[in-house]
Amino acid sequence: MKASAFAYARATSIDNALELLAANGDRAKVLSGGQSLMPAMNLRLISPELIVDISGLVQLRGIVVHGTMIRIGALTRHVDILKSHEIAAHAPLLRDAVAHVAHPAIRNRGTIGGNLAHADPASELPACLLVLGGTILVRGLSGERRIAAAEFFRGIFQTALAPTELVIGVEIPVMRKTSAHFFNEFTRRHGDYAIVGLAAQAEVEKGVFTDFRLGFFAVGDRPILARAAGILLSRAVTPSLISEASDALGVEIEPQEDQQASAAMRRHLAKVLLARAVAALLGRPELRHAGGAV
Amino acid sequence: MTGISGKPEPLSMLDRPNSYIGKSVPRPNLARLMQGRGLYVSDIQLPRMGHVVFVRSPYAHAKILSIDAGEARVRPGVIAVVTGRELSAVITPWVGVLSHLKGLKSAPQHAMAIDRACWQGEAVAAVVATSRALAEDAAEAVLVEYEELAAVTDMRAALDPSTPVIHPLLGDNLAFERIHDTGQVDQAFADADEVVEANFVFGRHTGVTLEPRAVVADWNVAEARLTIYQGTQAPHMVQNIAALHLGLNEQQVRIVCKDVGGSFGIKVHIYADEMATYALSKLLRRPIKFVADRVESFNTDIHARDHRCKGRIGVKRDGTVTAFEIDDLTGIGPYSMYPRTSAIEANQVVNLVGGPYVTKSYRARARVVFQNKNVMCQYRAVGHPIACSVTEGLIDLAATRIGKDPVEIRRHNLIPDDAYPCGSPTGLKFERLSHHASLEKLLAMMDYKGLRAEQAALRERQVHRGIGIASFIEVTNPSAAFYGVGGAKISSQDGVAVRLDAQGSVICQTSITEQGQGSESVTAQIVASALGVSMERVRVILGDTDVTPYGGGTWASRGAGIGGEAALQATKSLRKNILDVAAAILQSSPDELDIVDNGIVNMADGVLRIELKALARVVYFRPDTLPPGIQPELMATRHFVPREYPFAFTNGVQASWLEVDTETGFIKLLKHWVVEDCGTIINPQLVDEQIRGGVVQGLGAALFEKCIYDERGQLTNANMADYLVPMSGEMPDIDVGHVVSPTLESELGAKGAGEAGTAGAAAAVANAVNDALRPFGTVVTEIPLTPQVILTALRRI
Amino acid sequence: MTTAMAISLQVNGERIDAQVPPRLNLADFLREHLHLTGTHVGCEHGVCGACTVRVNGEIVRACLMLAVQADAASVETIEGLSDSGEISDLQTAFSDRNALQCGYCTPGMFMTAQDLLKQEAEPTRERIREHLSGNYCRCTGYQAIIDAVEATARLRGKRTA
């Protein structure tokens, strides 16, 4: 399986990359980490005429904390996020999520910008961005845009990114000291694409959720911030309340069917994750099996 | 027993000083593999070599109306574009049947399809170019006009009158049917107190060798010789078939096997695209390389184990199993594979069901039907996994029905260890097995009682763990009964030639082959031990039909048992020749001398008389100093073929300990045990590692692996992200133990061990899952046991 | 421009200048152009791990990287790691334990195991299994490989202690 022939341009600057994209439209593809692009090209699923390699744009790499925001450059690799002290301190949900991305050799090349632009519904990072209330920074020749995560992911491999734009970074709020987070996904094997996954962040005061954000992934054509979380806010959490939230979740999501799981199975697993997240975040293991998932 | 002179008997080879038999010595050929300096077929580059890419049918069944290669031929780097029709002038078609499989029928298959493509992925044209990439580019420009035909994709409907017949001249889609009836089976079921039935379904799966199939064919027109570099397990078979279909004498064909990146039976077959590659080299008069890419591998490497088997067992309340019955259906591809046929697997299933047990009443029907899917044939443990899963699944069902412990019912019905020799209801001859001793050893190794207690305690806390046991028998060291009797030119004997070189080291040529199991090491260990030299001095040459004796190769777990015995006998013969010369030089007699530690010594006191290298020097360069009349012969060749037993049966038993998350359907494999009786063990570490590797392939079948076809006959998961193979994160540690029942058929006493792990692993896992889910009253008799399957069985979704 | 591009890089410490078509991936460049065939190709979509090499000290899938992206980089293959002696203890452990059978996955396994051992002094068996979870082996069933890596880690721990 050898890729079709293509022309190759190594971008010398962000503007240079944008010019190349503008000039070539959908005949061009952006190469950052290549961990999603290269398999597709090797399998000849896509045959771009021009590859615009932005991986040399070092200004797009890096993790910086500015006050209450963390800015992560688009070319920051998964391994950089995994090893970052700033992320561990201020956005540990992201670190936990990235540990589930594929395998070490992939994490050494794959980038957050590439991952978000690719928008695989089974991917971890888009859900994290959603839960963390992140913003995707995008630039085109006409200037820069800030797109809320909630508006960025539009469908399977579809985003709000125009073909002539580049993701240049993301901004996520520094986690509050009182925040708790939960991350888990069901995979057949280590590093596989998630069958169903959940990234969650919460504020818990005296055993009650004062804030609760549930970012499910692999449950539809894009990550979803479950409205069902609202049912669990500001109330005493009982098994029957979890049941109620679980039912609401089941109605809210429209999972896909594929070789790994039917829609019904994904729905079921999402409910299991909900209960497990609640139990973990509240420190009440007996709630693990609540909510009609049993 | 001492001789007349009172001298001590020479020690048996196993007891000789410095014997390597039974020692876990490291393999001598690992350095190059660990340095990245192995030589796999895809590493080979020859001058003017062309790369072939096959244009493959996208349809499961289609008429080929026309092929327009005009545009493709002028693409950069293209050497030639050849259609199936054009190639048929160079290579003849074949039919995959054997006469001893009565009624087996199949249609002629061409190297590349001519009028009709019969499975998605079948080659219809070949593009040869100066690189693989350029050939792929040009292949996109080959215009093939197809007329899609109805495809047969459901084995259950293959014999319905309304289903199209793939090969009208054959009359129907039934390739083969085998019926076996011991008689009075209905009475035996009537005698039972309980009769249990189940439908067993097995996911079609495939070998996924990490190195894909690869061939370099080099027709040298000046020498009129074809050299084929191929990672085949059976080089002489390939030599015979390539010569036959290309109109050559076997002497004109040389098969060379270098390093092979895994085979497991995948690379023991004759593939149409590889035959096409040989033919292309002859046609184009230059070396041609074919390396299947991963997608091609999934679509065209043989598949296996696509079975639906209805099983029935009759049992008395005291635990006696009165009868077994099966009705097995397997859907192969549109052709029976060549030359080993696609009926062997089903034939083995019939032969092996009930094998470990005393039960005499048995009735079986197996039907093999054609489908428009990839071809199917022998893959590690051939038929054993099906037979074992059905048998052991039925045994557990019977146990549950009468409320007996699964170990107890096995103790009650396994053939007693002192019952041998005896035969099975299907005519299998057992020389000596050890089902009970193996079971007892297994139970001790795993602390069966302890695990049962742990299981019970955890159940109270809603943690569901299960224990599964699977006993099995395993075919090894096959005689001509497997293939030769049916007319296949597949040798069931092997040969070894050993010689002392001018420095007193040993060169050994063997007809068995190496794919990583340790054939080279085992041979060196035997030769070194039998001769009395250190192993570093033994160089083993294999995998070259120009250089080695004629033989069958390595498959059906025959390398150590058959090739090893040939090595032993050849070395004993060489030893005698050396001692004859030594006796002449030393004015002694051969029975007063021995060879120990690279030198000739006195048998009585072990004193060194002359080093082997000195003896070699005399023989090769100073024969003028030898006593008159002596013609030294420092080379010996012996062949070995099993004569008394058609197969050397081994036995074993496996256990799986696992946990089922009943909320999610996910299964965690906690531990696995195997006790295997394969006779004399030449290298314990190599045997255990073969068992472990085999087990994990069985675990893959149990939980992960399935070729998923849609109704149109499209393989929908032909890549490594969607077809799930076992990776390190999910596999358990595997403890291996042994009981030793040597075969008397050979002096070495070694049986085979390469496939035992795969034979019983899936059965043990399935039994463990059902054991774990016993409180829920569910029984699952389908593999792979995916979370979807478990959750459905538990009615959670 | 689909025409060949000039690249200059270090491979196992040796300076290499080459002209390569843009679509040539690093695995094919190493194997076909430099005849360093120890890096193996198993799937060409980044899943099996057979093509794992080190680029600028970090393990990557050579099939998912273009040769042109290796310009100015330092690439190390199994031949380099072996010849430098960096993994000689791993090799001894693998040989003693028969942690390789056909040898096809072995270069990738060494790359990934060495990567782990450089980062963690005494990884648990579970950690070893996890780090190697992206390297497919069909022959060994993995246990011998885990044993060999574990044994190497223990010995290295003794040497530095």
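Biologist: Let's start with chain A: of the contacts between residues at least 6 apart in sequence, what percentage join residues at least 24 apart?
Modeller: That's 60%, where contact means heavy atoms within 4.5 Å. Bear in mind that this is a predicted model, so local features need pLDDT of at least 70 and side-chain atom pairs count only at pLDDT 80 or more, while totals for chains, interfaces and linings use all residues; side-chain values use heavy atoms, with hydrogens and water left out. Residues are numbered from 1 along each chain as its sequence is written, and chains are lettered from A and ligands numbered from 1 in the order in which they are written.

Biologist: OK. How many helices and strands in chain A?
Modeller: Chain A has 11 helices and 14 strands. Those are DSSP runs numbered from the N terminus: helices are H or I with at least four residues, strands are E with at least two.

Biologist: And what's the radius of gyration of chain A?
Modeller: The value is 20 Å, close to the 19 Å from the globule rule for 294 residues, so chain A is as compact as a globular protein of that length. The radius is taken over C-alpha atoms, and the rule is 2.2 Å times the number of residues to the power 0.38. The C-alpha trace of chain A spans about 60 × 45 × 30 Å along its principal axes.

Biologist: What percentage of chain A counts as buried?
Modeller: 58% of the 294 residues. Buried is under 20% relative accessible area, exposed is over 50%, and partly exposed lies in between (1.4 Å probe, protein chains only).

Biologist: Switching to chain B. How many helices and strands there?
Modeller: Chain B has 19 helices and 31 strands. With a radius of gyration of 28 Å, close to the 28 Å that the globule rule gives for 797 residues, chain B is as compact as a globular protein of that length. Its C-alpha trace spans about 85 × 75 × 50 Å along the principal axes, and 67% of the residues in chain B are buried.

Biologist: What share of the contacts in chain B with a separation of 6 or more is between residues 24 or more positions apart?
Modeller: In chain B those account for 80%.

Biologist: Why is helix H4 of chain B described as largely enclosed?
Modeller: Seven of the eight residues of H4 (residues 132-139) are buried, so the helix is largely enclosed by the rest of the structure. Among the buried ones are Arg132(B), Glu136(B) and Asp137(B).

Biologist: What covers the buried residues of H4(B)?
Modeller: The cover includes strands E1 (50-56), E3 (78-83), E5 (123-129) and E13 (288-291), plus helices H2 (70-73) and H8 (294-300), of chain B.

Biologist: Which residues are buried in helix H16 of chain B?
Modeller: In H16 (residues 612-621) they are Leu612(B), Ala614(B), Leu615(B), Ala616(B), Val618(B) and Val619(B). What covers them includes helix H15 (559-586) and strand E21 (494-500) of chain B.

Biologist: Now Gly713(B): where is Gly713(B) found?
Modeller: Gly713(B) sits in the loop between helix H17 (684-703) and strand E30 (734-738) of chain B. Gly713(B) is buried, with a relative accessible area of 0%. Beyond its neighbours within four places in sequence, Gly713(B) touches Ala60(B), Gln120(B), Thr153(B) and Asn372(B).

Biologist: And Arg116(B), what relative accessible area does Arg116(B) have?
Modeller: Arg116(B) comes out at 23%, partly exposed. Arg116(B) is in strand E4 (residues 116-117) of chain B. Leaving aside neighbours within four places in sequence, the contacts of Arg116(B) include His61(B), Glu122(B), Leu149(B) and His167(B).

Biologist: Where does pLDDT stay under 50 in chain B?
Modeller: Over residues 1-8, for which the model has four contacts beyond four places in sequence. pLDDT is the predictor's confidence in each residue, from 0 to 100. The mean for chain B is 96, and 98% of its residues reach 70 or more.

Biologist: Last one, chain C. In what order do the elements of chain C run?
Modeller: From the N terminus on, chain C goes β-β-α-β-β-β-α-α-α-α-α. Its radius of gyration is 16 Å, close to the 15 Å of the globule rule for 161 residues, so chain C is as compact as a globular protein of that length. Buried residues make up 68% of chain C, and its mean pLDDT is 97.

Biologist: What ipTM and pTM does the predictor give the complex?
Modeller: The complex gets an ipTM of 0.98 and a pTM of 0.97.
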